Structures are given as structure tokens and as C-alpha cells.
Amino acid sequence: MAGKYIPGLNYAPIPIYGEISWHITNEGIHMLNTAPSGSGKTMYLNYLMGMLLKNQHRVYVVDAKNSSFGMLARHIGVQVAANTDEIIQLLTALVCEMEERYSKYFSVAGADIDANFATLGLEGHFLIFDEVLSALSAAGKKEKAEIERLLEQLALKGRAAGFGLVLSAQKLNATDLPKAITEQCQTRIILGKVVSDETFHQSTGLYKKDLAHAYRGGVGKGYAVTPQSGISYIETPLMPHNSRDYISLLKELRDRGTPYGEGR
Ligand SMILES: Nc1ncnc2c1ncn2[C@@H]1O[C@H](COP(=O)(O)OP(=O)(O)OP(=O)(O)O)[C@@H](O)[C@H]1O
Ligand SMILES: [Mg+2]
């Protein structure tokens, strides 16, 4: 059909602010977002979800707080887990799919050792996990250990196969999350006006006093650390406030390949 636009998978870095981007095809694939309540975490996750869908990747959401984020995601056909059982089920399925991808593309004779999901032309699978610490504290001891184990698997082995983690938490102390998970999250975002020195340090690896200027966080404002850029001041994008507008925007992004006049 003349003029038919077919969406392709897009692996380009996802813009965050100015020159700062999220590079999904290298060690920056896993992201950790820290921000106190009301500082714009969920809005930022919404933005990332929109960009991943626009680039034709698969998105999965954990919304342990049962907030409007999960509702929006469900509305546009994204799988959402809210309670402990659903979270374990979703993570188990993702780890399983990752293992299948490994045995199909990476552990075969003659596989290119530099191959990754982008060089193979495969879609990325991104788990956006809002409020990871509240999900862990709501789980029983055994279930918490299982969630951590599954997240560790994805964190350790997900990069090449294109299984990315986007985690958010309100604060971060040294013992809140296993090091095996946090160390793999090489894209770090911190937002918010009031952020403790400990949280700032655990999130960025630096100390507030090492910043070239006084700390400048706020709602949707803070810092990013990426493997490419070191630490930089950022402001996160503001998304439409009206959820109906936002749902149509997300649907449009997801279906951007639909030829005009069809399905609209
Ligand atoms: N980038 C931004 N620029 C300006 N305002 C923003 C931005 N991001 C979020 N906000 C405002 O802050 C409010 C809270 O944002 P959001 O719900 O994303 O925060 P949160 O960190 O997820 O909070 P909670 O702990 O309640 O889940 C939003 O309703 C919006 O008005
Ligand atoms: Mg939130």
C-alpha cells in the first residue's frame, strides 16, 4: 500500500534532559530511580513507558501501590502485576523468556560474542517496577527472597538479551536492595527537594558536598548518572495531566504504525 508506514524497532537512546539519554543497548540498560513521595517518579516512569512503546519494545509494569500508573498501563494493554503473587508470576515468566532467548540466540555454536538484542533485531522487554521497596516489604520472607532472586537474574543476565529493569524507590539505604541488583543499574536518577545524604550517596555513588554547586532537586528535578555522562542536573518531562489525553497519547505511540484511516 502506498505510503504505508511500518514501525520498526528503535534502539536509539531515549532522551531524558538536554544531552542526557538512557542508552538501552549497553550497560546503562538497567535503571534505578530514587525520589521521595510526590517528587515525580511515577510521572517519569510514565514517560519512559511511552517512549519504549513508541520504539516498539515490550513493557511490563509492577504497580504495588495500585495507583493510576497501573491503571493507565492496563488501559493500553500492558501487563500489570500488583500483588506479591502476580509479581512473582510476572518475574518468573520474564526470567524464563530471557533463558529461552539465551539458548536460542546466544549459546548456540557460532554465536557472535558481541551480539545483543539490538544487533539481532529483537525487541526489548522492559520491566517498569514502581516502588520496589514497598513491594518487597509487603511480601512475606520467602516471597521477598524469591522476588529478589528473580530481579537479580534479570539484572545480571538481561543486558545482552534485551531484558531491562527500571526500578523506583522513595529512598535508598545500603541494605534496602541486594548489591547484585543495584550494581547492575548503571543509569541512576534521583529527584526531589529533600533527599538524605545516604539516599543521594546510594543512588549516585557521590556525595552532595561533591557537587559543583548546592544540591538543586525538586519535583521532576534532580540528577542523572549514566555510564556516558557522569553526574548531571536534569529535569524530567511533564506528561499530560488529564488521563484521557494521556491514554490517547500512549495508544498513538504504541500503534504509530497503524496506517491513517485504519483503526482510528
Ligand atoms: N517533570 C515534572 N515537572 C513538573 N511537575 C511534575 C513533574 N513530574 C511530576 N510533577 C508533579 O508532581 C506530582 C507528583 O508526581 P508523581 O505522582 O509522579 O510523584 P511520585 O514520586 O510518584 O509520588 P508518590 O510517592 O505519590 O507515588 C504530579 O502530579 C505532577 O503534578
Ligand atoms: Mg508514584
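Strand 4 (residues 58-63) makes the greatest contribution to the lining of the second largest pocket, supplying three residues. Strands, like helices, are DSSP runs numbered from the N terminus, with at least two residues (E) required for a strand and at least four (H or I) for a helix. The structure is a predicted model, in which local features need pLDDT of at least 70 and side-chain atom pairs count only at pLDDT 80 or more, while totals for chains, interfaces and linings use all residues. Residues are numbered from 1 along each chain as its sequence is written, chains are lettered from A and ligands numbered from 1 in the order in which they are written, and side-chain values use heavy atoms, without hydrogens and water.

The second largest pocket has a volume of about 160 Å³. A pocket is defined on a 1 Å grid over the protein atoms alone, as an open set of points where a 1.4 Å probe fits, with protein on both sides within 12 Å along at least five of seven lines; lining residues have an atom within 4 Å of a point. Grid points are joined across faces, edges and corners, and the volume is the space filled by probe spheres set on the points. The lining of the second largest pocket includes L53, H57, R58, V59, Y60, Q79, E123 and R254. By class, this lining divides into five nonpolar, four polar and three charged residues (nonpolar: Ala, Val, Leu, Ile, Met, Phe, Trp, Tyr, Cys and Pro; charged: Asp, Glu, Lys and Arg; polar: the others, Gly among them).

Two or more of the lining residues come from each of helix 1 (41-54), helix 2 (68-75) and helix 8 (243-254), and helix 1 gives the most, with three. Five nonpolar and five polar residues make up the lining of the largest pocket, with no charged residues.

Strand 4 also contains V61, which is buried at 0% relative accessibility (buried: under 20% relative accessible area; exposed: over 50%; partly exposed: in between; 1.4 Å probe, protein chains only). V61 and Q79 are separated by 18 residues in sequence, and their C-alpha atoms lie 6.3 Å apart. Within the largest nonpolar core, which has 39 residues, V61 is among those touching the most other members, together with W22, L48, M49 and I128. Such a core is a set of buried Ala, Val, Leu, Ile, Met, Phe, Trp, Tyr and Cys residues joined through side-chain atoms within 4.5 Å. Helix 1 gives the most to this core, with eight residues.

Strand 8 (residues 187-191) is largely enclosed by the rest of the structure, because five of its five residues are buried. T187, I189 and L191 cover one side, and R188 and I190 the other, all of them buried. Strand 8 runs parallel to strand 3 (residues 31-34), to which four bridges join it, and N33 stands opposite I189. Four bridges also join strand 8 to strand 9 (residues 221-226) in an antiparallel arrangement, where R188 stands opposite V225. Strands count as paired if DSSP finds at least two bridges between them.

No disulfides are found in the whole structure (a disulfide being a pair of cysteine sulfur atoms within 2.5 Å). C185 is buried, with a relative accessible area of 2%, whereas C96 is partly exposed at 42%.
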